[in-house]
Structure formats: structure tokens, C-alpha cells
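Dear colleague,

Please find below the structure that I am handing over to you. My notes on it follow.

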Amino acid sequence: MTPPALPAWDCHTHVFDDPQHRPVLPGSHYAPPVRTWQDLSRTGAAQGIERFVLVQPSVYGSDNSLLLDALRESNGRARGVLVVPDETSEAELLQWRAQGARGVRFNAVSGSGNGMAGYTRLAPRLRAAGWHAQFFVSPQALDAVHEAIRNGDGPDVVVDHLGGAASGPEYAGIREAVFRLLDTGRVWLKASGFYRYGYPVATWAEHFGDLLRELSRRYPERIVWASDWPHTWFFDPAHGQPMPYGDLVALLKDSVSDADFQRILRQNPRALYD
């Protein structure tokens, strides 16, 4: 009998509550609409996505209560990436791990993020608790990430949104910096955030297809896919309308072989999050 297929994963999503119930941080760079675990689950299920990774949005700082509520509501179908204070204990990390959390995000790009400052202090506890560190940094900071993980004593690392790389000669240096990170064997890369590069949707296959194929060829076990739902980039009306969720899945499917598509969507997330 053929074993059932592994579930397909969306490895970077967010949930948001009514600001009357759960206010965002003062001075936050966007005002989110309500987007619930049920909204996410229905959206993904329509495209065959069964498992999800919830990432703490910058507008909630280190108040992870909404994300943890959504993990409970998911009944094991979701994993979480939190934002935590530098002094967080290993015991707290283990407690959250039992609830489905698997990583801490270090955000040096958007809003009230915690940047990379706390990584050195937290890294030993993250490794001991079986967590990873997730970095959202500018391309110019990729070498700093490489330096931070160079000694090999810290946890595995996940880099958001292609690390800032796309196809084309203007991205050659960024691609090489991303490849240097992946060459360490301790870094995972999220194929996500394609709309952050300013390319018209009609040209995405041109600007990302070759990159996705090269990544899947060189690092077949280190790439995961993510939608970035509900696409906070487009909470700013000046950025237009988000691409349909199914088209984001199709971009990956149309860019890589079927075997690589299945590996990126199913096998690699299981290794990283389960």
C-alpha cells in the first residue's frame, strides 16, 4: 500500500486580532485588519495546504498571546515563531515548545522588531531547547548573520524572504551572500516575499524562476515555501493588491521540478518544524 503523502506546509503566516481587543504597539507601521486562524486555515486548504507556521508580527512586539492562542486553536496543525525578550529562560522556551513554538524571530527591518542584538545572548538557550533563530534582515546584514553563526555553537538559522535576492545582475552580490549562508549547512531559506522586490506580477517567473531552480538544485533540503499571508506589505494601499494565494503556490510549482516542489512543500518543512 502506498503511504499517504506528507502534508503541505505554508511556512510564514500571521494572524491579527481586533485592535479593540488586542492593541498594536504605539507607533506601529501598519494597522492590521482582523485575520484569524480560521481565515488562514480556509485560505490554505483551498490550495491543498494543511500545515502552517505562524510568525509573530512586529506590531505586537513580544506579546505572543494571540499567536499562542492560534496554536492551541490549530490542534497541532501549526507551529510558531515568537519574539521574546533576551532574558527568556530555557524553561520558558521548553514550555512554549510543548505548545508548538519552534523558533525566535530577530527582525532588523520592520517596525518595532528586536533586531539581531539579542541573538548572541539567546543562542545557547535556543539550541538547548531545540529551537531555531529566524532572521529578517536587510541584504547588507547577511554577512553579519554569517559572522554571528560562524562558530557553530548556536541553533539552526532560517532566513526570511529569499534573503533579499532575486534574479538579475543587480542581485548577484546578494545571491552570493545568501549562498554563503546556505553553504554552512546550518541555514534554511524561505522562498517567500516575492512582491517585496517591486517587479510586476507578470514578470515574476522571469525574475524568480531561475533563482528558485538554482536554489533547489544547490540546496534541495534547505528551502521551504511560504505565502507571507495575509501579506502585510499590502496593508499599505500604495502597494496595490496582493497576488492570489494560489498563484503564489503556482509560482513555485512552475519554477522547479515536481520532485523539488514536493520536497520544498512537504519534506523540508517537516524536518525543520516537526
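The buried residues of helix 7 pack against helix 6 (172-182), strand 7 (187-191), strand 8 (223-225), helix 8 (245-255) and helix 9 (258-273). Among these buried residues are Trp-204, His-207, Phe-208 and Leu-211; buried means under 20% relative accessible area, exposed over 50% and partly exposed in between (1.4 Å probe, protein chains only). Packing rests on contact, that is, heavy atoms within 4.5 Å. Helices (H or I, at least four residues) and strands (E, at least two) are DSSP runs, numbered from the N terminus.

This is a predicted model, in which local features need pLDDT of at least 70 and side-chain atom pairs count only at pLDDT 80 or more, while totals for chains, interfaces and linings use all residues. Residues are numbered from 1 along each chain as its sequence is written, and side-chain values use heavy atoms, with hydrogens and water left out.

Eight strands form an open sheet in the order 1-2-3-4-5-6-7-8, with parallel pairing; two strands pair if DSSP finds at least two bridges between them. At its edges are strand 1 (9-13) and strand 8, each pairing on one side only. Strand 3 is joined to strand 4 (residues 101-107) by three bridges, and Leu-82 stands opposite Val-104 in strand 4.

Thr-88 is found in the loop between strand 3 (78-82) and helix 3 (90-98). Thr-88 is buried, with a relative accessible area of 3%. Leaving aside neighbours within four places in sequence, Thr-88 is in contact with Leu-93, Trp-96, Leu-122 and Arg-125.
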